[in-house]
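Student: I am new to this structure and would like to work through it slowly. Could we begin once it is in view?

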Amino acid sequence: MKLRELHYFVEVVRNNGFGRATDKLYVTQPAISRAIKQLEGELGGELLIRDPKGVRLTERGRILFRHAENMLQQERNLHRELLDIGEEISGTLRVGLPPVISSTYFPQVILYFRNRCPLVELEIIEIPTTELERALQEGKVDIAAGILPLESQNYKTQLFATDSLVLVVPNTHLLANKSSVTLPEFANEPFIQFTESFKINELILCAFGLYGLTPKVVGRSSNFDLVTAMIHSGMGVSLLPGSIWKDNTASVFTTIPVIQPPLLYDLALIRRSGSFVSRSCQAWIDVSAEVIGFTPEPDFGQ
């Protein structure tokens with residue numbers, strides 16, 4: 001059994017098909033098929049079943065997939081730990097940050113980290129929370145930040161803040177003079193929302209669902225400036241993270257706390273359980289704790 005064969009097998013499963021795996025691996029489909037057949041020969045039975053929707057794992061395949069992911073993770077850990085040897089902290093650190101979280105909590109973290117670890121190539125990958133787990137699982141990022149809870153238990157998390165959504169309206173809006181609002185008070189307003197990949201949409205839909213309602217979405221964007229531009233134009237209102245407006249002095253908007261239901265959510269640093277924590281990754285955790293202001297759990301880092 002070779003690591004290359006396990007890598008091919010895992011990518012076929014993750015991409016739900018041989019064709020998509022060839023695009024990811026830059027190898028031919030016959031080469032992948034031969035690797036899978038070699039594994040099936042060694043392990044004594046069928047691993048995958050092809051169907052019109054992609055591939056399905058057999059019971060034997062499910063067992064192999066679980067172990068193969070761990071074995072490939074250990075291989076990555078070995079290479080990263082060997083590269084991490086040396087007096088100076090160097091190498092590449094890949095950090096996954098959702099767009100809104102990155103601009104709110106991490107500008108100062110990035111600055112302090114650069115001063116502390118000048119030899120590290122810091123790669124910030126902006127990615128929605130809904131895609132972070134996959135990126136961590138596949139080793140595309142070393143550490144991330146996102147909204148809890150996660151779908152899987154295969155990750156270690158370190159809480160660093162609790163945020164809440166606030167209603168944002170133009171200053172000329174009828175609700176602008178209110179000190180707080182309940183969801184039914186603005187449920188019928190035209191609504192501006194981030195694109196569907198943003199996890200805060202789940203919180204918004206759940207809150208509306210408590211009243212048997214759905215937001216009347218009239219516009220979406222993944223760009224914060226475009227969302228606020230649509231609000232400013234009078235196109236609609238929106239629910240946005242309160243932390244964004246903490247130091248925002250824009251006079252054209254009013255932010256109103258939502259008291260029923262309270263729209264609270266937790267933010268955390270996230271890494272894959274069992275992954276190697278490089279010295280640069282540990283430095284990122286330490287700098288984040290100093291700048292944002294939290295005490296890391298003993299087992300989150302090294």
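Student: Which residue of strand 5 does Val95 stand opposite?

Tutor: This is a predicted model, in which local features need pLDDT of at least 70, side-chain atom pairs count only at pLDDT 80 or more, and totals for chains, interfaces and linings use all residues. Residues are numbered from 1 along each chain as its sequence is written, and side-chain values use heavy atoms, with hydrogens and water left out. Strand 3 and strand 5 (residues 143-147) run parallel and are joined by two bridges, where strands are DSSP E runs of at least two residues and helices are H or I runs of at least four, numbered from the N terminus, and a pair needs at least two bridges found by DSSP. In strand 5, the residue opposite Val95 is Ile143.

Student: How many bridges join strand 3 to strand 4?

Tutor: Strand 3 covers residues 91-97 and runs parallel to strand 4, residues 120-126. Arg94 stands opposite Glu123 of strand 4. The number of bridges joining strand 3 to strand 4 is seven.

Student: Is Ser288 buried or exposed?

Tutor: Ser288 belongs to helix 11, residues 279-293. Leaving aside residues up to four places away in sequence, Ser288 touches Phe106, Val109, Leu269, Gly293 and Phe294, contact meaning heavy atoms within 4.5 Å. Buried means under 20% relative accessible area, exposed over 50% and partly exposed in between, with a 1.4 Å probe and protein chains only. Because its relative accessible area is 0%, Ser288 is buried.
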